[in-house]
Amino acid sequence: MGGSSKQVTGYQYFANFLLFIGNPIEKLLNINFDKRGWIANERISYRSNGEMIYIEKPNLYGENEGGVYGTLRVKHGTNTQTPCTLYKKYLDENGIPVSAYPYQSYILFGGGGFPQGAYGLSEAELEAVGDELEVNDRYYNGGFYLGNSGYMKEMLLWPKRTRIRNDGSAQWYANTVERPWICEIGTNQFTELSATAKAEIESVKWKAIDQNSGVTVSDKKLTEQFSFYFTTGGTIGAIGQIAASINFSKPVFNGYFFINGSADDTGILEVTNASAILLDSFGIPSFGAGYVWLIKIDDGATSVDLSFKVTNTQTIYHAARISLSYESSYDIEPYAPENYDINPIHKIREILTDDTAMNKPESDVNNINFMKAADRIWDEGLGISWAITEKSCIDAINELCSHIEAGIRINRQTGLYEMVLFRDDFFEESEIHALAESKIKSISFEVQNADDVVNQLNVSYYDRNNIKDASFSISENASIKNMQGRVNAESADFPYFMNQRNAAIVAQWKLKQFTSPCWKGTFTTGFNEARKWNRYDIVKLNWSRKGIVDLPVRIMSINLGDGVDNTVSIDFVEVVPFSDELTSTVVIDDKIDTAPLPPQPILFKAFELSYFEAVQAQGQRTVDDELAYNPDAGYVAVVAQRSQNNSLNAQMHTDAGTGYENSAVIQYCETAQLDQLIDRLTSSFILKNVGDLESVRIGSQIFINNEIMVFQGFDTASKLLTVKRGALDSIPQIHADDSVLFFADDFVAIDSTEYADSEVINVKALSMTPSGVLDLNAVSAQSVEIQSRAIRPYPPANVKVNGEYWPEEVETDLILTWVDRNRSQQTGGSILGWFDTGVTLENGVTYQLILIERDASEIELRTQNLSLGTLNTYTFATSAMNANTRTIEITLKSLRNGYECYQSFNHTVELSQFFSAPYNLNVEFKND
């Protein structure tokens, strides 16, 4: 009968405004409003003239605060960019000259929809039209929606500038064949494949050959596992091998997939060769380990040949398993470089040469040396990101060097800037200096870290996923044990590392230096060649009195004398090998700060509101008045389970055929699952996956499938739930194992819209977190057909057939008994269960009994439709039954003013077959 009345609850605010980012960028990767998550949706590139991004998060800040939506016109700061059309239009109208702001990146918020069909334009066409593409009315043209508070909330911008320099020119040493985009360093990012793409992948086949046994397995699906078992001929330490070939010709598949491998506790499984590119290994191959290899299929490749090797180190019998998978915590396509950082070597070089920084000529940089350092850092994956407003160039370079364990110097022989990475293998053997003991005039030693060893680092870094500073600790256990458990900690700060992985790697290197006893000191020499040495060079030192032979030390400073005394004085520190493993275990604490979980789908149950719940929500007088005016009215309600800890509530969205509307806020209820099948008579049973049932109110409702139960108690030790069955307008039913129980208590969310009988309403429940609301398309709808439930009388309860509940057969007359229920009376106090005693019958209610007799072949013989008035018993005599009747289907329901009860009692009994005289029975006795 229509919907609820609408009223103004607030105002939405729209604006057009310009926001400057700063120097040139490559693109705007993402934008984050009020730290609610990164949200860049559709985008169109205008190449050198920027890009357009559409944002659509109207509920980002919550139901009352609104959100954001509209277009962003992003200018990247090229010297050829043109003014934004809308910006120019506004200023021209006021006679203000407009600039395109070359070499400045900025964003214009608002002013038009997202142009349809722009994807079909050529590159030249996009360059030409820039912002001039005609907008349509797909989205609001009046500005960018700011929310309902009247001001723009704080936003975080994520610009990318790795492949261009600060002035917009091409990046130095940007790309090589061996290292694609060496100026970028990042982590592998994978997104979920579409259903269509997954279906295509399913057709990919592969085969494997056990090279030991010769057994071949062919036509395996990509996701099927292949296990192989072999003996090593009685030779301990022998190698077993298996070859696998994956054919991607049907269809041709270019992209990324994973090999999942595991070996038993006596072997190590390795990928020994592959025609594809082995990109990464997630997990270190070790005894009994399961690990994953990421394989890339090059363009044009139709097959991949792999060889798996199992080294059996202890026994002569071995087992291993391999499988190919796209169902992983990582996923195949696309391999997205959106989280890439810049190579810090490139950043250091830029600080040296940029005209806004140190402005050194590029000829002052040793490019060969810088390339070598950039290669090594790219291989190690130690990328950085930063955004600074003011910092001295020297401080910035020193901080970057600290992040990667490196130093910068001016070579005293060439006058060129050089990078030195503090790795024991960075210098070639020919670049390491040798110094005979006889050439040392004097020397002083001491053992570094001898007295107060630092054995723990408290490490801080920036967690990009959480958009906040994060920390963890890393300890050297052997050192702590040697110090009788005493922990001596220092801090290590890595503000430009965006993930724990990079911070942990460098922190381990630093901790190894702290915990490794090593020599440091000063020596003097008159050796003339020493005057050509440079800071951070490595010298092999010899000093027999200390038993030192070819000790590699790093030069930390050089003093060439004062012109009178030309003795060279060198401060040094022993080189601690980085490439060797620590002698003891390094333990990295679990992160306290975990990535905020975005809104997840939730378990919910949608249903039509019962009379009892309507009275609880609106009051009995209001409900009765509304039903008197429109008895066919019905309301939709929902209960839902909390999906995640950071979700406080959810939104109820309903659609009656005109589109989904936000109908109510859902407060989560507790849930549990059946650990067993239960029949209609069971009132105590075991649960699993139990929520906080201690908070549930005794006497409150439990929804399970189409039955309402009443909570009576729960034993936390045994997980035994006690209930009343078949409450209100429901009757007891059989429920399968794993059925979900919703402990509704006071957490029923109700759509206030009044619906008419037979309308079908689609319902979705969307979880809400501080980062936003679950996307509407991510939820499957539940349909509720309105049946005017609130006006219908309650069904008869405690129905017995010949004194039993749901008997399988009867031997005498069919005798039915039942008790009365009263919808209008049962609105307060304790809720009655189906097995409870009767109450005063609701005014106007009568009972109807339908009896259907069938023969042995299930053929219907007779149907009786009996109006029983207000009786509570009925007898169907055997003598009145059809002679061929074998089963009787019983349907007992209540009626009032033409409305039947919401659920009816329905049961079929079988008639026992009696023997006719003479019986002629034979009895045989056995001595058992």
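Residues are numbered from 1 along each chain as its sequence is written. In this predicted model, local features need pLDDT of at least 70 and side-chain atom pairs count only at pLDDT 80 or more, while totals for chains, interfaces and linings use all residues; side-chain values use heavy atoms, with hydrogens and water left out.

Me: How many helices and strands does the protein have?
Reply: Helices (H or I, at least four residues) and strands (E, at least two) are DSSP runs, numbered from the N terminus. On that basis, the protein has 10 helices and 56 strands.

Me: What percentage of the 928 residues of the protein count as buried?
Reply: A residue is buried under 20% relative accessible area, exposed over 50% and partly exposed in between, using a 1.4 Å probe and protein chains only. Among the 928 residues, the share that counts as buried is 47%.

Me: How many aromatic pairs does the structure hold?
Reply: Rings of Phe, Tyr and Trp (its six-membered ring) pair if their centres lie within 6.5 Å; planes under 30 degrees apart count as stacked, over 60 as edge-to-face and the rest as tilted. The number of such pairs in the structure is 31.

Me: What is the angle between the planes of Phe607 and Phe703?
Reply: Both Phe607 and Phe703 are buried. They form a tilted aromatic pair, 4.7 Å centre to centre, and the angle between the planes is 55°.

Me: Why does the pair of Phe607 and Phe703 tie together parts that are apart in sequence?
Reply: Phe607 belongs to strand 34 (residues 604-608) and Phe703 to strand 40 (residues 701-704), so the parts that the pair ties together have a sequence separation of 96 residues.
In that pair, the rings are 4.7 Å apart, centre to centre. The two strands concerned are therefore strand 34 and strand 40.

Me: Which strands hold Phe711 and Phe743?
Reply: Phe711 and Phe743, both buried, form an edge-to-face pair at 5.9 Å centre to centre, with 85° between the planes. The pair links distant parts of the chain, 32 residues apart: Phe711 is in strand 41 (residues 707-715) and Phe743 in strand 43 (residues 740-743).

Me: Over the ring of which residue does the charged end of Arg789 sit?
Reply: A charge sits over a ring if NZ of Lys or CZ of Arg is within 6 Å of the ring centre and within 35 degrees of the ring normal. The charged end of Lys153 sits over Tyr61, 4.9 Å from the ring centre. For Arg789, at 4.2 Å from the ring centre, the residue is Tyr902.
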